[in-house]
Amino acid sequence: MLYVRDPYLNEMRDQTEYHIRSEAHKARPLEPSKVSDKDWGDYIFFFANTKGIHFERWVNFTGHRKWFNVIRNTVTDEILATYRPDEDVKKIIADLGIDKKDIKVSGVLKKLKKKSS
Amino acid sequence: MTQKNRLPKGGRINRQKELSFKYDGKNYIGYDGDTLASALLANDVHLVGRSFKYHRPRGIMSAGVEEPNALVQLETGEYGEPNTRATQLELYNNLTAKSQNCFPSVKYDIGAFNRLISRFIPAGFYYKTFMPNMKGWMFFEKFIRRTAGLGKSTGLPDPDHYARKTVYCDVLVAGGGPAGLVSALNAGKTGARVILMDEQNEMGGWGLTSPNMQIDGKKAIDWISDMLSKIAKLDNVQVVPRCSVIGYFDYNFLTAVERVTDHLGAGNGGSKPRQRFWRIRAKQVILAQGALERPMLFAENDKPGVMMSSSIRTYINRFGVLAGDNIVITTNNDTAYFSALDALNAGAKVTIIDIRKDLKSDLLEKVNEKGITVHKNSAIVNVKGAHRVKAVEMMKLSDDGKSCIGEKREISCNLVGMSSGWTPTVHLYSQARGKLKWDEQRTMFIPDSCQQNVQCVGGCNGTMDMSDTLNESAVSGVKAGKLSGNKSVSATKHKAVSHTEQPPRNLWIIPGEKPITRDRKHFHDFQNDATVTDILLAGREGYLSVEHLKRYTTTGMATDQGKTSNINALAIMAEYRGLTIPEVGTTTFRPPYSTTTIGAIAGEAVGELFEQDRRTPMDAWHKSHDAVYEPVGDWSRARYYPKNGEDMYEAVQRETLATRTSVGVMDGSTLGKIDIRGKDAGKFLDLVYTNVFSSLKSGFCRYGLMLNEHGMVWDDGVTARISENHYHMTTTTGGAGRVYEWLEELHQTEWPEMEVFITSVTEQYAVATLNGPNSAKVLSKICKDIDLDNEAFPFMTFRNGTISGIPATVYRISFTGELSYEINVPARYGLQLWQEIIKAGKEYDICPYGTETMHVLRAEKGFIIVGQDTDGTLTPMDLGMNWIVSKKKPDFIGKRSFARIDTSRQGRKQFVGLLTDDKNIILPEGAHIIESKSIEPHVNMLGHVTSSYMSPNCGHSIALALIEDGFNLKGKKVNVATIEGKVYSASVVDTVFFDKEGKRING
């Protein structure tokens, strides 16, 4: 059972208090009607599905019910970082010393207009 | 009854306390401190069971958790337990146990017929013979399963109770032998919170087997009590005996089972739990589980009286039992010599058969001095005796060790000890994702590296020398304490009398008189009855990988999980393939490490506590009025209220009719309710619903559909605008939780800039729904402060008022098409509200109805139930609900997907009504709608029936269905096939069957 630092409580909690959803940083397009069929298909159907460093969203469903992001190595299940959506992910990646080429996220991220989360 | 094999003195037993017990119907005496196995051996009982497949007689083979043979049926009746390991079962007074897998008795077993034909039933026999013809297998399976197998489950409820405990600690030490004790002491000295667990009833591990070993100038047994009293002085160290650590998961999460009162006997636990399941989160873990001895694979090595050489020693020193007085010990390493010496001192005649060619060990001199004969470069080629070893036959080994040569010699004996080296207990380390490396010299897998905070010490680290073990444990203990955030101290220093081991000779298969394939049986997995030739057969048939090997021969798949067999099996396969053992690889060790009762895992979560059962505030009334319940999500909801012995069909017909004729009332408290506030609440709802809510006037309600981003319907409900920045949303009963989480997700991750506050209020309100032409009349009797006139209180609005003094919000919404009032009151008034309604409704014969009638009523009006009529592949347009999809809004969840090619194509499955030609036929839900009139293959499936009922109000059965291009089929006939093979003709019609004009909504 994984053990995570809850970024809102700032303490270690059991995995069983959380639900884990799909990839993080996959912002919904601001104006979906202007997105091509292909890009929309990429947005709703395609995920990074990484073997290695994965950015994912978790929610505490037994307590404060806040969503946050987790960087997890899908091979070892090691959790490298947890952070709130309003934290600077670039800084977190830099602090962890993760090489950019090891980061694989859905292609759609680059194409779509990004938002803060 | 005399204990023939009990030594006059020695052992950790209390000779003052005699315990009587019954085994296979015979009475015996043992002592407090015995296990069932040691007590049986004390009484010279070796034969304890029949083997799994061939029904061969089997005896006690070990003295611990690795025991493959001595599995017994413990007690009878509700306290009965199958497959209990006699070697771990602490003896208690009046214990009763039986042998397993034998009929009528362990000595005369009918199933032993399998032995005679064993040549013809090798690995894979049953599947090869029966599987090609499945029907044959289905027939024979139950007979085969009966002859192969272990104990019998009682089939009765478990009378015991079990506890569960979750703890957090700095250092968990698994294993309480010398290594574990030193680790715990040193970790404890750092100030760390330490838990030390051991599966035995007392700490000491290997020290209990070799009590005379010298440690720090003391006898091991005295040294252990010394260590324990030092540990006892540390308040921060908790010592837990009788507790097996069984699972090692991510982030140092471990599970353990403590046998709290098992040793007191069945039903004698008092108020204490039988067992306790520990869930432990440790900052640092030290594994000190020792090592297990491996059996030697010579012919007939499974006879009762053949046991592990170290176990002979354990029985002597720990239990004061000499299991046989004429012993042959066969070995490939030095440790067995210590067993030989202890057995000799206990009064046995001992002969050693060592497979090694040259013996240089100082031990050789020692044993020779004492008069023990050592046959080197020799091996056992046969074991004589049926129910007990009588003699062994021995031959010289050839140079390459592949065959036996020379004269055969018989040595009479009544006990055989075997040792083929040691296997570090790396199970937990491996479960923790630790990598193992192969030590070729000592033939063992030892821990290499692990991502978790774990250290292995002593035997389980492959450290076999006692001095090294103790010093490595001390250092590890300090390190673990320090790493978990405690102070640094200097590690204790230890010195034990060491012995320089002469390397073992590794002959994985001990050759017999004949080539292995034609020789007597050489067992490597005793519990699953797998032999060396089974492994070779697996190899010949191409099952080369360890995973295939394991499944083909069932090696390592019994309840002992191959503790004694795995390495031998891997080595033989490696030899067969001409590879090294690491190249062949190991299978993954999985929890639990040792067999665990399901009761311990379930803990208190049984019976009523097994699953949450949510009940509404009105539940007491439903119960006292004989409601039949159905589970809906976590809820138990009243399904119908049978009267005068009605069945469901009759009750539902009556309730359905009564509601439309006069008035009915339903408990709708389970409906999901979500309170949404904030200045952006309207904007937010516009994005999550297909229609517009920002334009809804305060005091009004609107029905809405929620889609997922794929454009598919996934929930629905009515939402009311309470005030400018305040909405009250309702969801389906089952969808309440996920809709709530989804709203939070969207708000927090997509639109955090919006000011919206979302709160679940499902449990805060009780809801009673009045339906039917007389509902206003009933309500007016108990609600005086709301004008119920249609003009003053129109459809799709709500009013606040009081009902018999209870503050209430009344919504004029309808899921039946009738004049309807949905009355919400604070939950604590729910029952009172219900009783007031029933009382007021009496003069109109008010009919309480349940979910089943609700389904019929809504189906008569063609209203969907999300999850029954929809399956996550339907757009609002597929449901014919285009009217609810806003054309004006630039965006809402799911809108973009409408334009996808597949979502917008013609001829998708669409939601329609069905009327059978014969009005009395109620189509089964799920029935397939097909093109042809017959069900001969291959038929094209056009869709399926989603809802189907007899409608008393229409006087006709009705059904709702999803059919490809259904809208264009209206007025046409389709065929509906049932699982019984019948085909019915039905007309495709509109989904509204009753009151098509919608006149009844205003009474």
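This is a predicted model: local features need pLDDT of at least 70, side-chain atom pairs count only at pLDDT 80 or more; totals for chains, interfaces and linings use all residues.
Student: Let's start with the two chains; how many residues of chain A are in contact with chain B?

Tutor: On the chain A side 32 residues are in contact, and they meet 29 residues of chain B.

Student: And how much area do chain A and chain B bury between them?

Tutor: The two chains bury about 2,900 Å² between them, and 43% of that lies on carbon and sulfur atoms. Of the area that chain A buries against chain B, 25% is supplied by A:M1, A:R28 and A:W67, which is more than any other three residues supply.

Student: How many salt bridges are counted between chain A and chain B?

Tutor: The count between chain A and chain B is eight. A:R28, already named for the area it buries, has its side chain in a salt bridge with that of B:E709, at 2.4 Å from N to O.

Student: Switching to chain B, how do the axes of α5(B) and α7(B) cross?

Tutor: Helix α5 of chain B (residues 178–189) and helix α7 of chain B (residues 220–232) have axes that come within 10 Å and cross at roughly 25°, which means that α5(B) is roughly parallel to α7(B). The crossing in which α5(B) passes α7(B) is left-handed.

Student: Which residues make that contact?

Tutor: From α5(B) the contact is made by B:P178, B:L181, B:V182, B:A184 and B:L185, and from α7(B) by B:W223, B:I224, B:M227, B:L228, B:K230 and B:I231. Sorted by class, the contact of α5(B) with α7(B) has ten nonpolar residues, no polar ones and one charged.

Student: What about α22(B) and α23(B), is their crossing left-handed or right-handed?

Tutor: The crossing of α22(B) and α23(B) is right-handed. The axes of α22 (residues 775–782) and α23 (residues 830–841), both in chain B, cross at roughly 115° and come within 9 Å. B:V778, B:K781 and B:I782 of α22(B) make the contact with B:E836, B:I837, B:A840 and B:G841 of α23(B), and by class these residues divide into four nonpolar, one polar and two charged.

Student: Back to charges: what is the salt bridge count over all chains?

Tutor: Over all chains the count comes to 65 salt bridges. One of the pairs in chain B joins B:E202 to B:R12, with the closest N and O atoms 2.8 Å apart.

Notes
Residues are numbered from 1 along each chain as its sequence is written. Chains are lettered from A and ligands numbered from 1 in the order in which they are written. Side-chain values use heavy atoms; hydrogens and water are left out. Axes are lines fitted to C-alpha atoms, for helices over the stretch in contact, and angles run from 0 to 180 degrees between N-to-C directions. Helices (H or I, at least four residues) and strands (E, at least two) are DSSP runs, numbered from the N terminus. Angles under 35 degrees count as roughly parallel, over 145 as roughly antiparallel, 65 to 115 as roughly perpendicular and the rest as oblique. A crossing is left-handed if the near helix is turned anticlockwise from the far one by less than a right angle, and right-handed if clockwise. Contact means heavy atoms within 4.5 Å. Ala, Val, Leu, Ile, Met, Phe, Trp, Tyr, Cys and Pro count as nonpolar, Asp, Glu, Lys and Arg as charged, and the others, Gly among them, as polar. Buried area is the accessible area (1.4 Å probe) that two parts lose on being put together, summed over both. A salt bridge is a side-chain nitrogen of Lys or Arg within 4 Å of a carboxyl oxygen of Asp or Glu.
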